[in-house]
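Open the model in your viewer and keep the selection tool at hand. The stops below go from one selection to the next.

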Amino acid sequence: MPTLNWLTRKEDIKASGQVPYRILETAGKGVYGDLNNSNLLIQGDNLAALKALIPFYAGKVKCVFIDPPYNTQSAFTHYDDNLEHSQWLSLLYPRLELLRELLSEDGSIWITLNDNEVHYLKVVMDEIFGRKNMITNVIWHSTKSVTSTAIISAAHTNILLYFKKREYWVHNRTEFRLPESGEGFSNPDNDPRGPWKADPFQVGGWRPNQQYEITNPKTRKVYRPNHGSSWKNDYKKFEILMQDGRIIFGATGDAGPQRKRFLSDAKKRGRVATTLWNDVDTTTNGTQHSKQLFGNDNAFTNPKPEKLLQRIMQLATNDNDLVLDSFLGSGTTAAVAHKMNRRWIGIEIGEHAQTHCIPRLEKVIAGEQGGISKVVTWQGGGGFRFLRLGKEIFMPDGSINPQITFAVLAAHLWFAETHTPYNGKGKSPFLGIHDGIGYALLYNGILQDKKTNGGNILTATTLAKIRKDAPAGFAGKVMVYANGCRFGKARMQTENLECKQLPYDCKKC
Ligand SMILES: C[S@@+](CC[C@H](N)C(=O)[O-])C[C@H]1O[C@@H](n2cnc3c(N)ncnc32)[C@H](O)[C@@H]1O
C-alpha cells in the first residue's frame with residue numbers, strides 16, 4: 001500500500017510504543033458535581049494522556065472526535081497553529097495509533113480539518129485504520145462569510161470518518177441514523193396508518209428480477225423501469241404492497257407507481273445522513289456561544305458549534321456510550337456528550353483546560369441553556385473528575401514508582417499480558433482469568449502484611465490467598481507477579497504456576 005513519507009516518519013511510527021506509562025493524578029477540586037460519575041477532564045499532552053488511559057480504556061471508546069490544530073500557519077490566542085508540515089504529521093501519527101487502540105470494535109473516529117492537511121491525513125489514516133475502514137469525508141458548511149481576497153473562498157470544513165472495523169457495522173442498528181423529523185409527511189387520503197410520503201418506485205441500477213410491467217389501474221397505461229433502472233422490489237413483493245395499499249399512482253392516480261412510506265416506520269428506522277451538512281450551525285454560532293459562556297474578551301477562537309457534535313453523537317453513539325476528544329479546546333465535545341447522556345473523556349494541553357473547560361462544564365452541570373440545551377431539554381446534573389499527568393510508572397533506575405497503587409500496577413500488568421482493559425477494583429491479588437490463564441499480583445501490601453516484602457513474595461501463605469480469590473474449580477495456570485518466589489521448580493510445576501519478578505519482568509508494561 002502506498003504510504004506517506006516525511007522527515008521524522010521513522011521515529012514517529014515508533015513513538016506511541018515508546019511513550020512511558022504515567023499515572024493520572026487528581027488535580028484542582030478533584031471531583032466537580034456529582035461524585036458518582038466516570039467523566040474525565042485531563043490536562044496534559046495527549047500523547048502521554050492517551051497512553052495512560054490505555055490499560056483502563058483500550059477497546060472501550062465508542063466515538064472519538066478530534067479537532068486538531070489545522071496547521072493554518074497562524075498563531076491563535078489560546079494555542080499555536082503554526083506547526084511545520086512534518087511536525088504536524090508527527091503530532092498526529094502516534095496519537096492516532098493510540099486512539100485506534102482505545103476505540104471499541106464497533107467504534108468510529110471523526111476528524112475535522114480544512115484543506116491544508118486533510119489529504120495528507122487521509123493517507124496516514126488509511127495506513128493506521130485501513131483503507132477499507134474509511135467511510136466518508138463529510139463536507140460541513142462551516143462558514144457563510146465570503147473572503148473577497150480569496151481565489152475561491154472556503155465555505156466548508158472536512159470531517160474524515162473512519163470505523164475501527166467496517167465489518168462491525170450492521171445496517172439495521174440504530175446508530176448511524178438520524179431521528180426522523182416528520183418533515184414532508186402528510187395524510188391527504190386519511191390513511192388510518194397515519195402520515196406518509198410518496199417515494200419513487202423506480203431505483204437506479206439494473207436488476208433482472210425487478211423488471212416487469214405495472215399497469216396503472218385508472219389509466220391502464222403500462223409502465224416499465226427506464227433503461228438502466230429497476231423497480232424497487234421484485235414482483236412478489238410488489239403484489240403484497242399493492243394489496244396493502246402501499247403503491248399509489250401520483251396524487252390523482254394518473255401517474256407512474258410510487259411507494260408510500262409511513263412516518264411511523266420512518267421513525268423506527270431513522271433517517272440516513274448524507275455527506276453534506278449545512279444544517280448544523282457554523283463556526284460563527286460556535287463563537288457566539290463561546291461569547292455567551294466566557295464574555296467577548298475571553299471567547300475561545302473557532303470553537304465548534306454544539307449542533308455539529310450533536311449530529312456526530314446522534315449518528316455514532318447511544319446513551320451512556322463513551323466519547324473521547326483528545327484536542328478538547330474549550331470543551332465542546334465534553335459539554336455535548338454530557339447534555340446527551342454520553343460518558344466522556346476530554347484531554348487538553350493548554351491552560352484553557354482550567355480557564356475554559358472547567359467553568360464551561362460546571363455551567364453545564366448547573367443547567368446551562370446555550371447550544372443544544374433546549375433541543376435536548378437539558379436540565380443539568382452529573383459531574384466529572386479533573387486529572388493531570390503524574391509520574392512515570394517506572395523510575396529511571398527501573399524500580400516501580402512507590403506512588404503507584406496496587407490498582408494502577410494491576411491494570412498495567414493485566415493490559416500488558418492480555419491486551420484488554422482491567423475491570424477489577426484492585427482489591428484482590430487474583431486479577432482475573434484470560435484465555436485460560438489466571439493472573440495474580442503481590443504488591444504494595446495488598447495482603448495487609450506490613451513487613452518489608454511481606455505479602456509481596458510468593459509463598460505457601462500468599463499462594464493460598466491467591467487461590468482463595470480465584471473462581472472455585474479454576475485449575476488453569478496462574479501467572480504471579482511478585483518481588484520473589486520461595487518455591488522450587490518441582491513445586492511450581494505441580495502447582496501449575498509461573499512467577500514473574502517485579503520490577504524486572506514488567507519493564508515493558
Ligand atoms: C482547534 S482546537 C479545538 C477546539 C474545540 N473543538 C472546541 O470546540 O473548542 C485544538 C486544541 O487542541 C489542543 N492541543 C494541541 N496540541 C495538543 C496536545 N499535544 N495535547 C492536548 N491538546 C492539544 C490545543 O491547545 C487546542 O485547544
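Select His352 and the ligand: an N or O atom in the His352 side chain is 2.8 Å from an oxygen atom of the ligand, a polar contact, meaning a pair of N or O atoms within 3.5 Å. The protein buries 95% of the 600 Å² that the ligand exposes when taken alone; such accessible areas come from the Shrake-Rupley method with a 1.4 Å probe. This is a predicted model, in which local features need pLDDT of at least 70 and side-chain atom pairs count only at pLDDT 80 or more, while totals for chains, interfaces and linings use all residues. Residues are numbered from 1 along each chain as its sequence is written, and side-chain values use heavy atoms, with hydrogens and water left out.

A polar atom of the Glu348 side chain lies 2.7 Å from an oxygen atom of the ligand. At Lys304, look at the backbone instead: one of its N or O atoms is 2.9 Å from a ligand oxygen atom.

Now widen the selection to the 20 residues around the ligand, each with a heavy atom within 4 Å of it. Those that come nearest are Asp67, Ser330, Thr332, Glu348 and His352. The shell holds 8 nonpolar, 7 polar and 5 charged residues.

Finish with the cysteines. The structure has 0 disulfides, a disulfide being a pair of cysteine sulfur atoms within 2.5 Å. For Cys63, the nearest cysteine sulfur is that of Cys357, 17 Å away. Cys63 is buried at 1% relative accessible area, where buried means under 20%. Cys357 is also buried, at 0%.

Notes
Buried means under 20% relative accessible area, exposed over 50%, partly exposed in between (1.4 Å probe, protein chains only). A polar contact is a pair of N or O atoms within 3.5 Å; within protein, one must be able to donate a hydrogen and the other to accept it, and residues adjacent in sequence count only if both atoms are side-chain atoms. Ala, Val, Leu, Ile, Met, Phe, Trp, Tyr, Cys and Pro count as nonpolar, Asp, Glu, Lys and Arg as charged, and the others, Gly among them, as polar.
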